[in-house]
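Okay, everyone, let's get started.

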Amino acid sequence: MQLGAINSTGVLKLRQALEIMSHYLSDEAERNGEELSKIDASSLVSSCVNHILGETDISIAIEFSELRNRLFSETLSLADPQIEQLLDSPPFYIKTVVSVLLSGIKHEQDAAQ
């Protein structure tokens with residue numbers, strides 16, 4: 001929602017889906033023999049498909065993917081338009097970019113690292 005990719009209803013449904021999945025994956029639910037019903041599972045999948053995979057405006061994801069590729073393959077200056085845009089982005093977006101970079105660095109070897 002902070003990136004503008006999902007509306008508030010989608011965020012609510014996805015949070016609920018996460019809470020339900022977390023509950024059923026917990027030790028307590030397992031000890032009590034609780035299982036996710038087919039109806040609940042269907043609802044979870046539907047929420048994910050409708051609000052993530054079914055999103056028609058994927059421009060944010062494409063922009064992020066392009067930025068990620070450039071950050072891994074080029075040396076970018078502060079005057080670069082994408083870097084200027086990044087610096088003006090919400091903290092959540094900046095945190096995501098930093099996390100992706102750190103993850104990428106961990107998986108690189110030798111000179112690439």
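So, the protein chain has 6 helices and 0 strands, and along the sequence the pattern reads α-α-α-α-α-α. When I say helix, I mean a DSSP run of H or I with at least four residues, while a strand is a run of E with at least two, and both are numbered from the N terminus. Keep in mind that this is a predicted model: local features need pLDDT of at least 70, side-chain atom pairs count only at pLDDT 80 or more, and totals for chains, interfaces and linings use all residues. Residues are numbered from 1 along each chain as its sequence is written, and side-chain values use heavy atoms, with hydrogens and water left out.

Now, what share of the residues is buried? Of the 113 residues in the protein chain, 18% are buried. Buried means under 20% relative accessible area, exposed means over 50%, and partly exposed is in between, using a 1.4 Å probe and protein chains only. The chain exposes about 8700 Å², and carbon and sulfur atoms supply 56% of that. Those areas come from the Shrake-Rupley method with a 1.4 Å probe, and for residues, only the protein chains shown count as cover.

On to the inside. Which residues make up the largest nonpolar core? Here they are: Phe64, Leu67, Leu86, Tyr93 and Val97, 5 residues in all. Helix H4 (59-73) and helix H6 (91-107) are the elements that give two or more residues to this core. A nonpolar core here is a set of buried Ala, Val, Leu, Ile, Met, Phe, Trp, Tyr and Cys residues joined through side-chain atoms within 4.5 Å. As background, nonpolar side chains tend to be buried together in soluble globular proteins. Take a look at Leu86: leaving out residues up to four places away in sequence, Leu86 touches Leu67, Tyr93, Ile94 and Val97. A contact, by the way, means heavy atoms within 4.5 Å.

Next, charges. A salt bridge is a side-chain nitrogen of Lys or Arg within 4 Å of a carboxyl oxygen of Asp or Glu, and by that rule we get 2 of them. In one, Arg70 pairs with Glu74, with the closest N and O atoms 3.2 Å apart. Asp80 also forms a salt bridge with Arg70, and there the closest N and O atoms are 2.7 Å apart. Asp80 sits in the loop between H4 and helix H5 (81-87), and Arg70 is in helix H4, so this pair ties together parts that are 10 residues apart in sequence. Through shared partners, Arg70, Glu74 and Asp80 join into one network. Buried or partly exposed, what is each of them? Asp80 is buried at 12%, Arg70 is partly exposed at 22%, and Glu74 is partly exposed at 39%.

Last stop, the surface. Ile94, Val98, Leu102 and Ile105 make a nonpolar patch of about 310 Å². For patches, residues need over 30% relative accessible area and no salt bridge; like charges are joined within 9 Å, and nonpolar side chains (Val, Leu, Ile, Met, Phe, Trp, Tyr) within 5 Å. Leu102 is in helix H6 and is partly exposed at 47%. Val98 is in helix H6 too, partly exposed at 42%. Ile105 also belongs to helix H6, and its C-alpha is 8.7 Å from that of Phe72, 33 residues apart in sequence.
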